[in-house]
Amino acid sequence: IPWRADPLFAGSLLAWCVRSNLFIRYLSRYSFVVYAIFGVLLLWAGLFTAQKINFGVFNHSCLSAFYVSIILLTLMEHEGGMTCFLNFSPIVWFGKISYGLYLFHQPVHFLLFGIFRKGFHAINTWQDVILKVLALIISLILAITSYYLLEMPIIRYGHKFKYVKQV
């Protein structure tokens with residue numbers, strides 16, 4: 001299967017939980033548990049990124065849990081370090097263009113490496129580094145252009161409507 005259900009399930013479960021006052025009270029009372037989970041998952045993410053550890057089929061589940069712990073930390077402390085980091089203007093800006101960057105980065109990368117390196121993607125020479133940087137620059141330009149010319153007009157259009165909660 002080319003997709004996994006655990007991130008979708010984790011996000012849905014989190015959305016359901018944060019709407020519960022009881023969950024929010026427990027979250028406040030046992031915040032040390034969230035910090036401990038975040039710490040363990042941060043260590044795992046570092047080791048996983050360095051390819052020193054592999055949980056096989058649970059890799060994506062651990063990533064989902066890591067992202068859930070980041071969201072929980074942000075919800076727990078409105079003035080905390082995670083909230084300050086996520087409100088940092090460069091992070092907010094990258095958040096705005098992230099969808100376009102997600103859509104464009106692989107096609108641009110594969111196109112450049114397909115043309116100039118016959119599809120081989122390893123970084124072995126300084127030319128490979130230049131290709132990677134060029135792919136990043138092109139992807140950023142496409143994502144920024146997409147955000148301002150496509151996404152922002154659609155968002156503005158959507159904000160023209162007033163949604164009324166039906167009883």
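Is Trp44 buried or exposed, and at what relative accessibility?

Modeller: Trp44 counts as buried, because its relative accessibility is 4%, where buried means under 20% relative accessible area, exposed over 50% and partly exposed in between, with a 1.4 Å probe and protein chains only. Before going further, please keep in mind that this is a predicted model, in which local features need pLDDT of at least 70 and side-chain atom pairs count only at pLDDT 80 or more, while totals for chains, interfaces and linings use all residues. Residues are numbered from 1 along each chain as its sequence is written, and side-chain values use heavy atoms, with hydrogens and water left out.

A search of the whole structure finds nine aromatic pairs; rings of Phe, Tyr and Trp (its six-membered ring) pair if their centres lie within 6.5 Å, and planes under 30 degrees apart count as stacked, over 60 as edge-to-face and the rest as tilted. Trp44 and Phe48 form one of these pairs, a stacked one, with 4.9 Å centre to centre and 15° between the planes. Both residues lie in helix H3 (residues 31-49), four residues apart, about one turn of the helix; helices here are DSSP runs of H or I with at least four residues, strands are runs of E with at least two, and both are numbered from the N terminus. Whereas Trp44 is buried, Phe48 counts as partly exposed, because its relative accessibility is 27%. Tyr157 and Phe161 form an aromatic pair that is edge-to-face, with 5.2 Å centre to centre and 85° between the planes, and Phe161 is partly exposed at a relative accessible area of 40%. Elsewhere, ring pairs link Tyr26, Tyr30 and Phe32 into a cluster.

Turning to charged pairs, the count comes to one salt bridge, defined as a side-chain nitrogen of Lys or Arg within 4 Å of a carboxyl oxygen of Asp or Glu. That salt bridge joins the side chains of Arg117 and Asp128, at 2.5 Å from N to O. It links distant parts of the chain, with Arg117 in the loop between helix H6 (89-116) and helix H7 (126-159) and Asp128 in helix H7, eleven residues apart. Arg117 is partly exposed, with a relative accessible area of 27%, whereas Asp128 counts as buried at 4% relative accessibility.

The C-alpha atoms fill a box of roughly 55 × 50 × 35 Å, taken along the principal axes, and buried residues make up 25% of the 167 residues.
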